[in-house]
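Here is a short report on helix packing and nonpolar cores. The sequence and model come first.

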Amino acid sequence: MTKDKLVTDREVGDSEQIETTERPKWDNKVQYLLTCIGFAVGLGNVWRFPYLCQIYGGGAFLIPYVIALVFEGLPLLHMELAIGQRLRTGSIGVWNSISPYLGGLGVASLLVSFLIGLFYNMILAWILWYFFHSFQSPLPWRDCPVNLNHTGYVSECEKSTPVNYFWYRETLNITPNIETSGSLHWWLVLCLASAWCLVYICFIRGIETIGKAIYVTATFPYLVLTIFLVRALTLSGATDGLIYLFTPNWETLKNPKVWLDAATQIFFSLSLAFGGLIAFSSYNPQKNNCERDAVIVGCVNSFTSIYASIPIFSILGFKANENYNDCRNWNILQLTNAFSIGDENITLENYNDWLNYLNTTDPMEVESLNLKTCNLQTFLDQSASGTGLAFIVFTEAVIKMPASQVWAVLFFLMLFSLGLSSMFGSLEGVLTPLLDLHMVPPWMPKEIFTGLICLTSFTVALIFTLGSGNYWLEIFNNYVGSMPLLIIAFFEIITVVYIYGINRFNDDIEWMTGQRPNMYWQATWRFISPFMLIVVFVAYIVTDTENRPTYNAWNPDYVHFPNADVQHYPEWVFVICVLLSLIPVVSIPLVALYKFMGFLKKYIMNRHNQNPYANEF
């Protein structure tokens with residue numbers, strides 16, 4: 001070992017000793033891992049991954065998913081945990097210390113975390129609204145409300161379903177298009193305020209309070225999922241749901257969109273490029289095996305996605321069977337009345353035999369009844385993701401389950417725990433860089449500054465409590481949580497490999513973990529992961545520019561209601577969509593340009609003030 005190397009290690013050790021006294025740290029390794037897992041494992045594991053498995057060939061989807069995990073997810077996760085642990089600062093500080101020209105990379109992560117936190121907490125507000133209503137008996141989304149004249153049910157509900165009506169009218173009170181804003185809905189404002197208050201209470205003293213709350217928020221969802229798993233497997237039709245989910249359809253692998261969605265699902269599921277993982281790892285001691293941490297977090301995240309799919313689709317299989325039986329029972333009633341057949345002569349077991357017999361003897365009469373087409377596969381094909389799965393499909397399934405209130409309470413409590421632990425990472429990605437850069441006035445306590453951030457976020461997020469709020473939330477989700485993250489991650493890996501230096505990075509990891517990164521990490525960091533990010537980014541651009549963006553509006557006056565009224569975004573809204581994609585990442589070139597202009601100005605000033613006689617001595 002050279003003398004320079006010895007000096008470097010000694011300086012690093014001294015700086016670590018100084019920083020340890022100043023910088024907060026985790027109470028133990030379990031607390032840190034639970035926090036990272038809680039941040040990575042979020043709502044998408046429950047309502048996005050099962051949906052992708054369903055529409056992309058069941059078990060066949062696991063092949064591109066695992067490939068994306070191995071060659072994109074784990075390398076980026078390891079890199080973020082390692083660089084944060086080594087440099088012991090937030091996202092802005094990390095990239096600024098590597099090169100002042102790259103400070104905009106940290107600013108971009110900060111802005112993305114802030115913008116995503118806005119709409120993510122609105123989803124928690126919706127979950128709270130449903131949680132509070134889950135204690136009612138019967139559940140409020142079971143039946144249609146009576147109209148004002150008490151002569152029947154509300155027509156909007158009758159045309160759709162009670163579950164859809166409760167979501168779109170009772171909860172969102174949604175407008176027929178995005179241009180009609182509507183007013184603020186006080187019940188959503190209260191739920192949003194409650195969600196931000198809970199986040200603030202858990203976050204009030206940074207990792208000190210997060211570390212205590214995470215023991216509950218990170219582990220409780222697994223308890224609930226296990227309870228759901230045991231109950232769901234005993235439901236009739238659960239087997240149909242599981243067979244549908246995991247039966248591989250290899251033909252789907254020929255579709256490029258399958259590989260694109262697998263890559264993006266892994267990327268967003270692990271919460272990469274938010275800055276939260278860098279912030280969390282910066283509170284670690286530098287002598288810590290970050291490689292093992294990355295593998296644990298990545299594998300637990302993927303295991304959770306698969307584990308959550310089993311109870312979810314067992315319940316959806318139960319729901320499909322219930323709807324299938326309801327459909328046939330309605331047909332049986334029509335046949336019984338039309339042909340004067342004795343009650344209970346036609347049963348679900350012999351329904352097909354009776355239908356074939358009546359079709360043979362009196363086909364005209366059967367045709368005049370306009371019987372429903374009942375196909376179990378059709379009901380299983382009724383897929384949904386995101387809010388559609390949580391607030392429509394699952395709530396409809398819960399109605400048909402015994403003790404439905406208990407299952408509704410557990411389900412929404414689980415969703416809130418998942419979302420809350422993810423919010424910790426988003427908020428940490430905002431606060432840690434600001435605190436590290438000493439942007440908080442010395443006289444202001446950290447608790448007050450955290451409160452101001454939460455209050456600002458709450459105020460901006462009021463847009464989601466408008467009648468058009470759901471449309472705006474979809475825009476934020478589609479345009480903030482997609483391309484900006486891909487761009488940030490690409491610049492992160494290029495910065496570490498080619499600016500910070502891959503050999504220097506390898507030396508750092510060897511010093512921290514005691515072993516040098518193997519060929520797998522070398523190949524993915526240098527070539528495979530950057531290439532995959534470029535491919536996914538280009539694919540996103542191509543798919544977005546092929547068609548003008550549209551959105552699904554809930555419009556009771558639409559001719560084909562209750563089908564979605566598919567509308568194009570107005571020009572001014574499309575401009576906002578583009579700005580939401582560009583604003584976070586535009587800081588990368590702007591900060592670099594600002595630093596270069598400062599360097600240029602300093603260089604010119606030095607040249608101007610240079611002593612003309614300096615070279616004579």
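## Helices α5 and α6

α5 (residues 62-87) and α6 (residues 91-98) cross at roughly 80°, their axes coming within 10 Å. Axes are lines fitted to C-alpha atoms, for helices over the stretch in contact, and angles run from 0 to 180 degrees between N-to-C directions. The two helices are therefore roughly perpendicular (65 to 115 degrees; under 35 is roughly parallel, over 145 roughly antiparallel, the rest oblique). Helices here are DSSP runs of H or I, at least four residues, numbered from the N terminus.

From α5, the contact (heavy atoms within 4.5 Å) uses Ile83, Gly84 and Leu87; from α6, Val94, Trp95, Ser97 and Ile98. By class, that is 5 nonpolar, 2 polar and no charged residues. Nonpolar covers Ala, Val, Leu, Ile, Met, Phe, Trp, Tyr, Cys and Pro; charged covers Asp, Glu, Lys and Arg; the others, Gly among them, are polar.

## Model basis

The model is predicted: local features need pLDDT of at least 70, side-chain atom pairs count only at pLDDT 80 or more, and totals for chains, interfaces and linings use all residues. Numbering starts from 1 along each chain as its sequence is written, and side-chain values use heavy atoms, with hydrogens and water left out.

In α6, 6 of the 8 residues are buried, so the helix is largely enclosed by the rest of the structure. Buried means under 20% relative accessible area, exposed over 50%, partly exposed in between (1.4 Å probe, protein chains only). The buried residues are Ser91, Ile92, Gly93, Val94, Trp95 and Ile98. Their cover includes α5, α7, α15 (276-281), α21 and α24 (483-513).

## Helices α20 and α21

α20 (residues 387-399) packs against α21 (residues 404-436) at about 150°, with the axes 9 Å apart. That makes the pair roughly antiparallel.

α20 contributes Ala390, Phe391, Phe394, Thr395, Val398 and Ile399 to the contact, and α21 contributes Ser404, Ala408, Phe411, Phe412 and Leu415. The classes are 9 nonpolar, 2 polar and no charged.

## Nonpolar cores

A nonpolar core is a set of buried Ala, Val, Leu, Ile, Met, Phe, Trp, Tyr and Cys residues joined through side-chain atoms within 4.5 Å. The largest has 177 residues, and Leu415 and Phe505 touch the most other members. Helix α7 (residues 103-133) gives this core its largest share, 19 residues. Apart from it lies another core of 9 residues, including Ile332, Leu335, Val366 and Leu369.

Which residues does Phe505 contact, leaving aside neighbours within four places in sequence? Phe505 meets Met79, Ala82, Ile83, Val496, Tyr500 and Trp525.
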